[in-house]
Amino acid sequence: MQVAHEVRSSAIAGRGIFLLAPVRRGTLLWRYKPGESVVEHDEASLRSRLRVQLTKQQAVDLLEHVYPWRGKVVEVLDNGKYWNHSMLPNSGTHPDGEGKWNHSYALRDIVTGEELTDDYTLYDEAGAPWLEELCKEYEACSCTECGRRVVVGTASCARSGPTNTTSTQNFGAG
């Protein structure tokens, strides 16, 4: 994370990232740095990590804090994994088209104490359809295609029926 923040309980879902100081529109909030802030997994590497290194609960937690992108699944290593979803986000790609496409920037001025949010409907779930199967297998939250993280196959899943559109992952589910 590139800004002063704290992780605490969120009214949106689980835990969230809250600013400790105001930031201006266009400010870099988070950098995508493989090996430092993220690990990119293909299906084999994620399955191996889930099977060999983690308990069932740790595996569920991991699956609820990843996102699909361009055929891979991205595991966020820092507090960026606690970003919550909003259909009216205050962060995303640079608002003026500057900067790197995979970093997060303030889309507007954000005040002290405000939770950082992003629009997960913009993520590329179709790029890693096997993630959905892993989530089902471990009974973890999934369903990023509709911008919500809910348990697949339950009444709250968009594929099964209506759900609350502010409920999400935090690059997972809190």
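A salt bridge here is a side-chain nitrogen of Lys or Arg within 4 Å of a carboxyl oxygen of Asp or Glu. By that rule the count comes to nine salt bridges.

## Model and overall make-up

This is a predicted model: local features need pLDDT of at least 70, side-chain atom pairs count only at pLDDT 80 or more, and totals for chains, interfaces and linings use all residues. Residues are numbered from 1 along each chain as its sequence is written, and side-chain values use heavy atoms, with hydrogens and water left out.

The protein has three helices and twelve strands. These are DSSP runs numbered from the N terminus (helices: H or I, at least four residues; strands: E, at least two). Of its 174 residues, 49% count as buried. Buried means under 20% relative accessible area, exposed means over 50%, and partly exposed lies in between (1.4 Å probe, protein chains only). A contact means heavy atoms within 4.5 Å. Among contacts between residues at least 6 apart in sequence, 68% join residues at least 24 apart.

Two packed helices are described by the angle between their axes and the distance between the axes. Axes are lines fitted to C-alpha atoms, for helices over the stretch in contact, with angles from 0 to 180 degrees between N-to-C directions.

The axes of α1 (residues 43–53) and α2 come within 8 Å and cross at roughly 150°. That makes α1 roughly antiparallel to α2; the label applies to angles over 145 degrees. On the α1 side, Leu46, Arg49, Leu50 and Gln53 make the contact, and α2 supplies Gln58, Ala59, Leu62 and Leu63. By class, these are five nonpolar, two polar and one charged. Ala, Val, Leu, Ile, Met, Phe, Trp, Tyr, Cys and Pro count as nonpolar, Asp, Glu, Lys and Arg as charged, and the others, Gly among them, as polar.

## Helix α2 against α3

Helix α2 (residues 56–63) also meets α3 (residues 130–138): their axes come within 10 Å and cross at roughly 145°. The contact draws on Lys56, Ala59, Val60 and Leu63 of α2, and on Leu131, Leu134, Cys135, Glu137 and Tyr138 of α3. It has seven nonpolar, no polar and two charged residues.

Arg47 forms a salt bridge with Glu137, with the closest N and O atoms 3.3 Å apart. The pair links distant parts of the chain, Arg47 in α1 and Glu137 in α3, 90 residues apart. Salt bridges that share partners join Glu43, Arg47 and Glu137 into one network. Arg47 is partly exposed at 24% relative accessible area. Glu137 is partly exposed too, at 49%.

Arg24 and Asp109 meet through their side chains in a salt bridge (4.0 Å, N to O). Arg24 lies in the loop between β2 (15–19) and β3 (28–30), and Asp109 in the loop between β9 (104–106) and β10 (117–118), so the pair ties together parts 85 residues apart in sequence. Arg24 is exposed at 59% relative accessibility, while Asp109 is partly exposed at 40%.

The side chains of Arg25 and Asp96 form a salt bridge at 3.1 Å, N to O. Arg25 lies in the loop between β2 and β3 and Asp96 in the loop between β8 (91–92) and β9, so this pair ties together parts 71 residues apart in sequence. Arg25 is partly exposed at 43% relative accessibility, and Asp96 is partly exposed at 46%.

Methods: Angles under 35 degrees count as roughly parallel, over 145 as roughly antiparallel, 65 to 115 as roughly perpendicular and the rest as oblique.
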